[in-house]
Structure formats: structure tokens, C-alpha cells
Amino acid sequence: MLKDLIRHTRLAEFNLLFLGLLLVGMALAAVGLFTDRVEQSMQARTSALLGADGMIDSTRPLDDAYATLAGQFGLQVARSVSFMSMAITATGSRLAGVRAVSSNYPLRGEVLLAAVDGDEPESVSVAPAQGTVWSATQLVIDLNLESSPELQLGDSFLRFEREILLEPESGTGMLRLAPRLLMNIDDLDQTGLVTSASRARFRLLVAGSKESLTAFGQAIEPILKPYQSWHVADLRRDEVRNTIGRVVSYLRVTVLLAVVLAIVAMALAAQGLWGRQIHEIALLRCLGQTHSQTLKSLARVYMLAVIPVSLLGIGIGYLLQHFAAVIIQDATAIPLPPPTWLPVWLSLLMCIVVVVAVMMPILLAVKRVPTMTLLRAEQIDGIRRNRSASLSVLALVIVVTFFLARNLWLAFAVLTGLVFAAALLWFTVRSLIGVAKRLVAPRPTAWYAALKALLSNSGRSTWLASAFAAIIFALVLLGAVREDLFEEWQNSILPDAPNLFLLNIQAHETAAFASLLNTKGITEVKLYPIIRGRITAINNQKISDRTFEDDDALHRINHDFNLTILAELPVDNKIRAGNWFKAGEKGFSVEQDTAKILGLALGDRLTMDIAGVLIEAPVSSLREVKWDNMRPNFYIIAAPGLLDDAPRNYITSIYVEQQRNELVRQISQSYPHITALDLGMLLARIRTLSAQGGNAVSVVFVFTLVTALLVLFGVLQGQRSARELEIALLKTLGAGREFVRRAIVLEFAFLGALAGFIGGGMALLSGWLLAKYVFEFAYSIPWQWLVFSMTGAVIVVAVIGYTSVRSLLGVLPVRLLAQMAMPTSQIHPSGGR
Amino acid sequence: MKPLKTNSDHIVAQAVGVGKTVQLASDTLDILQDISLKITAGRTVAISGASGSGKTTLLGLLAGLDQPTSGSLTLMGQTLNNLDEDQRAKLRRGRVGFVFQSFHLLPNLTAVENVALALEVIPESTAIVENSRQALSRVGLSERCGHLPSQMSGGEQQRVALARSMVVAPEILFADEPTGNLDHGTSSQIADLMFSLCKDNGSTLVLVTHNRELAARCDDQYHIEAGRLV
């Protein structure tokens, strides 16, 4: 068996087939393992935003029974109590958003603490020690905590220890009115600040398996009091998650391209292998081998190679994702948990599926090989082309697309794109060759010989041009478009994204506050009114009379919404139904997911309780909101004029490039009630992340390039014997070696120009499509790359093409003709009957 | 090595009223019509005729590589008409040898590996490599065992093909234009070798050729014209 395998490894097509499989295993494992880790990390991160997987939120102290019940469901439990209080130091006092937490807080995620003595920022998942507090930057600045760390909170004195940069539930939670002060819950009683009648939020945080969490949620639902609510994390508002999600789906699509190309290379190799094995099978039948013996021996050889090659590919894929993860962890401090085994098994299974799909139709055709093939060459033609192999490969591409894209729409879009790109490539090459055919008149020059070779073998030329174009496509996308794309993407979301949110600005001070910002060079200050309101009725039916199954819906109707009033549709919002407010129109614009959860449709009449006054208006539009744009976003927007008399305060978000702390200090002094929320750290993380995403995509493009080269090698290998005959004929007819050499170089140069034009053009078009629909920013196409790609392709393709056939030039015509008669070719000089 | 088979009365291959017709797009073509012949063990038989006369088709039918449209065929005592393809393959195994005009050596196998193929399909084969080397030695290629076909001349390749066919000491050897791709000098050497090996093994030789000189060296000669024996 091993002997047969060794014999097969002497066939270039066999090696090409398994090199393709190696790449498939590598690509599938690398992307599978990497995304598995990212998904695990994202799940943890979602919980980290809440500090837990779920929580009970209450305005009164929570009964211990909940914690006991959670324990019975196998959930971990932590507690937090949040309230507002004055923090007093020797230098002054400031309203603080105090959160007292149990020592195992947070259950999920970490608290990011500022560097001490120039070290790196430190992530911890414990509470401050008893007797100490950690404080948000704004308080550190306002109260000068670094030089006077003693802090009075109610009746107790605590010592400031560390500065908080990020903490669970920070994000863009815009309604936190005061900077955070984190303390140990065991110090809470001593402060005397919280009693059962205090205005505070009492939370029971829980963490555990998804099943336990769901079961716990269902168990407590009937016993929750009206002032208590059950929460799970809201995924959509996590900017980092969305950024990573985008990079991961982009990676998947790019890997998909590489895998599809590898499958094409494998299919080409399998076809070539079949062409060779027809003779072998026929010969063995002549010598007395039965069908089942032939099938068994071939199947054994393939099975013997499939598992080790797939495992080797998966092993290399594992190493690749490991290095990628190390780089990303180092650069972003986002921990990636070790991968599970599932992607390894799935990759192995897919490798086997790929080989079976590529080889099975061919193995099944073994029975159709006529033994007379050895006596009659023409009998081969009927079985050489294997239509069921093409269908099988097509089905395989569809399966792989769905496997990798994991999203019906994305898979459909990619498949359509692939079919369209392949058809466009094929059609363009055929058309250009067709046009050239009409224009070229016979001349006794190498130029004409080259063109004639190109045009008279239009099938071969199309394959070659397509393979070269795929390589140029990958190179241009890798070299030019990717860099531009990621740079522009980063520019589009990051540098001017607001890094400071200012909350609780009072209506009477908006003008003065805006002038203060103007003096600091911040001229465009967009102030959003914030009006709190609760939905009381939909289409005049009281909300209490309606039943909501969904936890999310219950949460939303039991809480106040933060409404705003806007005359213009905010940036990054898209109207998905209805129309934006016309002048004088009264209505509400509702975020589409909220509308779906609450069962709201366009035209429904919404009644809202705004500070005791009932306001009724129709839902005039449904909006899609881009939650990760780092700007204030709203579930419900009211039309101008609808809520004119409602009490309000304002928020704004600004970008401050330098001396952010200085500005925060000034605002605190002049407007002590205004809360500044610094998102600089979060933005820095996103910036690093998108840069690393760009690097990851580069690696994947290298995959694509390698697989495209594999396709090219397959095509070049397949055309060798035909080219031998052409050269032999040219030489027999009197063409000199130099003439033949020049004709070949020119033929490949023409092919290069064609491939450069098509591949380069498609890369630029893809860049534009990616920018417009995936990354959503305006992208100026670098047309000069079309010229570069054509020039480069002419040189590279001429060199590669010439190198691939150079060894055939020195052979004498007689020898070539003798070779033509060998069994591997289809030519039999005197076909007897 | 099998004992020499010298029973001159034994019929190894027989055709009775054999015809072969192929269906074309709008017509049928009679390649062979009413062919009847007997081939006796140990004889050398030539089937000659012009290109397109049907001689290669007859060889394929006699060897059980193809099925006739009419008539009956017998090979080594077995009626081929009743056997399916696998049964015919089993009948050929170790008892029938082939030499082709285009040699049909596998390009990825060395000379010795090509020869060994014929033994490898026989489950009870032993000492495969030694026997293959010995066969190559008998055709004068003991020094070329490890060479690939692309490293050998046409004559050498055909000698490897001869070694492959004779390594099993077949009862009958079918040769289709064995010298068709070779120059005159090499052709004579290959023909000498083939006749001598058949004689040594006691194998029957059925030779398809349009080379009159080669046909004249055989004990019996059949001539085909337009699908009929004349």
C-alpha cells in the first residue's frame, strides 16, 4: 500500500492535489480555530460589559433568597450597590457615582486600572481592598486624589488607591451622572449612606452556563417584584465586539476565496490525474485486475494520504492562528481563550469531504474505462471529460461557502460574487480574444506566432489568463487596496470619533457651555436634549394590558427611555420604514429592533408619559442605528415641537486631541454637576484592533495568493504536452529556437497584459465594493494601480510562462514526436483498426 | 516459472462467425464480419492488413478486451461471450500477455516497477522484484532497472514492455504493431527478442502488423481486408 502511495507521489498532479488539500486544511483550521477563540472571547466580553452573565437590578435591597436560588442553579454570585454621594477630601468635594462591590466583582471581564510608576495599565478582576477606593480619572483630577488620597464618604474615611480607566458597564453608558468611585461592599455599612429607604441600585450579579442562566431567568420571573428587573447583556452596543465581528467576517470571506481557489487547483489536478490514470487502469485490466481491485487499490492510496496531509495542514493552521492570537493579545490586551477541539474535527471532516467530492466521481468512472483504450486512443476522449466531477466540485464549493460563511445571506452573497466574478473573468477573456482574432492578419513574425498561439487555443488561453488574473487580483488587493482600505477605514471611524462624552448639561447653561468649548477650539458642538419618558400605551391600549413574553420587551416598557428631539436624521442612522419628520409633523422615530421587540409598527400611536404629561403621536419612521459609531444614539427620537415643554438636560460628545484632562478639570470647576466620560482608552483599543485586523487579513491574502499560484501550476502542468507538440511542429516546419523562444515570451506577455487588466480591475472594483458595503465609507479608487498591475503582469507572466516551458525548447523535434507517441499523450501515429 | 506448454493440438483461441458493428450518429459501421479462426497452442500467428481493415479490433476481441456483436469467441477453453468484464480480466490474469505499439509504460514507474505490475495483480505472486529483475535481464536491460521510461529510448521502452508481458510466462501473447514506433534496426531486434521469448516460454504469439516482413516470420498468417478474412 505504501509502495503504491510512493509511486503516486511521483506524479505532479497527485502532489498538486494533496498540496491543495494541505492548504485547505491549513486555511480551514487557522480560520476555524481563530474565530472559535474570538467568539469565546466575545462571549466573555459581552458578559464583561455587565460584569456578569446576568443580573437582577432592584431599587430596594435584594432578598438573600435570590442568591440562594442562583447557587442552586450552579451560578456564581456577586453583589453591587450603586448610589450617588459626595466624596470629600481636604481639597474639595464632588458628587461621585459610588459602587460598592463584593470581593469577587466583576464575575466577568476586568477593571482596567491606570499604570503606576510608568508601568503598563493593569487589568484586575477583584474589588478594592477594604478601606480603599478606586476612582475614575475625573474624580482623581477634580479632588486631586494623588496628592491628598484621604477621602470621606458618609461616616467613613477611605484611602484612594488606584485610578480606573475602564470598568464593566462603562462603555458609552451616557447616563451615568457622576464619575465612578469603586469601594468594597464590606465598608458600606460603616458609611451609613445606604439604608432600605436610600435611593440606590442593588444588584445581584450572576455568572454560569447559558443553560443555567436561562433556567434561573425563567425561575425568578414570576417572583420578581415590580421594582426588580432581570437583565442579560445587550450585544449590539459593544463597539469592540462589532469591530472584531466585522474583521472576522471579512477574514472568513477572504479564507473562503483561498479555499475555493485551492479546490479549483485540486479539481484541475484530479482531472490531470484522471487523464494519466485512464491508461494505468486500462493496462491493469489487461493484466487481469478486476474493477473492485482497481477501486480498492486507488481508494487505499488516497485514504492513506488524506488523513496525514489533512492533519499536517491542520497542524500548520493551528500554529498560524496561535501566532496571530499572540500578536493580537499582545497588541490589544484582549485575552483569547484556548481554542476548543471542535474546529479541528470540523476541518478534518471538511478535508475528507473535499477529497471525496473531488475524487469520488473520478473513482466511480473507473468502471467506465474501456480496456480497448490501450489499442484505441480515441476511446479516451469520451471518458476524459468528467461532467459529474465538475458538478461535484460545484456542490463542494457551495457546501464550503456555507460552512465558512456561517450566515445564509453572506454565503449567498459570496457565492453570487464568485459566480459573477468567474463569469465576468471568463467572458472578458473570451471577448478580448475573440476581438483580437478578427483584427490580426497573418505575418511571418514571432509576434504573429505568439498571437496565433494565444487565439487559436482560446480554451487554454482563457484558463491561463484566468489563473494569472486571480493571482494579480490577490496581489493588487494585498499590495494596494488592502492597505488603502484599512487606512481609510481606520480614518473613517477613529481619529475624529468623539473621545469625551459630557452629560447632565442643564438647559439654561447650554450657550455658556458651548462658548467654553469654543474657546478651546471645539467649534462644532452638537447638544442633544435628553428627556426621560415611559411608554404608557400603544394605539390607546394601556401597556399594562398588553402581554410581553420577551424579557427584553418587559425591561424596556418598565424603564424610562431617553428621548431626544432632532430636526435632522442623525449621521449613521438609516430610515428603514416611513419617512423622516417633515416640517411641522408630530411623530416619533423608533429604532427598528426596539419597534420589533415591542411589536410596534409604522403608524401605531404611541403614548408616552413625560414627567407626568401624556404625549401621543404616531410612529412616523423606523430607523437602523449604527450603535458602534461612538456618538450619542437614541431608541426613540421625537419630532421638533412635540416635546417643547418637557423638562430636559443635554448631552454632547466631542473630540479633544490634546490636554483632555485639563479640559475635564476646567469643566468640573465651572460646572461641577456635569459628568465627563472619557472614552480615549476604548478608542485606542478599537484602533489597535482594526490595525491588527488588517494584518490578519494580509496573512489570509497570502493564502489566497499561494492557492492561486497552485491553480496556475495546475494549468501550466496541464498544457505541457500540448505545448510540446506545438514546439515540435514549429521546429519541424523550420522555426529556429530563437523564434520559438520569442513567440512563447510574447504569448505570455500578451496573456499578462490581459490578466493584469482584468485582475487589477477586479481588485479595484472589489476594494470599492468592500469600502461601500462592508466598511461603509467613501473610497477613492487608485486607478494608477491598473497601469502598475498591467505592467507588472506583463513582466511576471512572461517570466513565469517562459520558465515553465523553457525545458521543452532544447529538445529535438524527432525526440518530441517520439514522446508524443508515448502513452501519456493522446496521439497514436498509426491508429490501426 | 511455469512449465513449457508444448501441446500443439490444444486450441488457445477461437473465433466462430465473429462480427463487430459500431453505431455511428446516423448509421452503423461493420468493422468485422463473419470472422472464424483457430489459434493452436505454441504457434506464432500474424494478422495483417491495411490501416482501418479491422485487425486491431480482432486482436481486442480475441484477447477478451472487447465483446463481439455476433459470433462466439473462446480463449483458453472459456467462452468469452458468457463472461462479464471482471471474469474476462480474471481469465487473462497471469495467462495472457500484451505488447502495444505505444509501449504503455507508466511514466511514474521505473523499469522494474513497470514489469512488476504484471505480477502485482496476481494475489499469489511471490518474489516479485527478483522475478521482474530477471525478466529485465532476459531482455538485456539489467542495468536499467531503476530508470524511468522518459530516460529510455523507444527500443528500450518496448523491451521493458516485452519483459512485463513475459514475466508471467503467459500462455498467449497478443502484440499490436509492436515495432510500429521503432526504426528499422530496433524493430528487428525487438522482433527477434519477442519470437525468442515466446519460444522459450512456449507461449502462443498473436501478432497484429502491417509489416509483411514481420508477418512472414510467423507460422500462420491471416489477412484482413475491409473487416473480412481473405
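## Stop one: a helix pair

H15(A) and H18(A) run roughly antiparallel to each other, in what is a predicted model. To see this, select residues 510-519 of chain A for helix H15 and residues 660-670 of chain A for helix H18. Their axes come within 12 Å and cross at roughly 155°. Angles over 145 degrees count as roughly antiparallel, so the label applies. The crossing of H15(A) and H18(A) is right-handed.

Now show the side chains. On the H15(A) side, pick Phe513(A), Leu516(A) and Leu517(A). They meet Leu663(A), Gln666(A) and Ile667(A) of H18(A). By class, this contact of H15(A) with H18(A) has five nonpolar residues, one polar residue and no charged ones.

How many salt bridges does the structure hold over all chains? The count is 20.

Select Lys20(B) and Asp66(B). Their closest N and O atoms are 3.5 Å apart, and the two form a salt bridge. Lys20(B) sits in strand E1 (residues 11-23) of chain B, while Asp66(B) is in the loop between helix H1 (55-62) and strand E4 (70-75), so the bridge ties together parts 46 residues apart in sequence. Is Lys20(B) buried or exposed? Lys20(B) counts as buried, because its relative accessibility is 12%.

Next, select Glu171(B) and Arg95(B). This salt bridge brings the closest N and O atoms to 2.7 Å apart. The pair links distant parts of the chain, 76 residues apart. Look for Glu171(B) in the loop between helix H5 (154-166) and strand E7 (172-176) of chain B. Arg95(B) is in the loop between helix H2 (85-92) and strand E6 (96-99) of chain B. Glu171(B) counts as buried at 15% relative accessibility. Arg95(B) is partly exposed, with a relative accessible area of 27%.

Then go to Arg144(B) and Glu156(B). They form a salt bridge whose closest N and O atoms are 2.5 Å apart. Arg144(B) lies in the loop between helix H4 (128-138) and H5 of chain B, and Glu156(B) in helix H5, so the pair joins parts 12 residues apart in sequence. Both Arg144(B) and Glu156(B) are buried.

Notes
Residues numbered from 1 in each chain as written. Chains lettered and ligands numbered in written order. Predicted model: local features only at pLDDT ≥ 70, side-chain atom pairs only at ≥ 80, totals over all residues. Heavy atoms only, no water. Axes fitted to C-alpha atoms, helices over the stretch in contact; angles between N-to-C directions. Helix = DSSP H or I, 4+ residues; strand = E, 2+ residues; numbered from the N terminus. Parallel < 35°, antiparallel > 145°, perpendicular 65-115°, else oblique. Left-handed = near helix turned anticlockwise from the far one by under 90°. Contact = heavy atoms within 4.5 Å. Nonpolar A, V, L, I, M, F, W, Y, C, P; charged D, E, K, R; others polar. Salt bridge = Lys/Arg side-chain N within 4 Å of Asp/Glu carboxyl O. Buried < 20%, exposed > 50% of the residue type's maximum accessible area, 1.4 Å probe, protein only.
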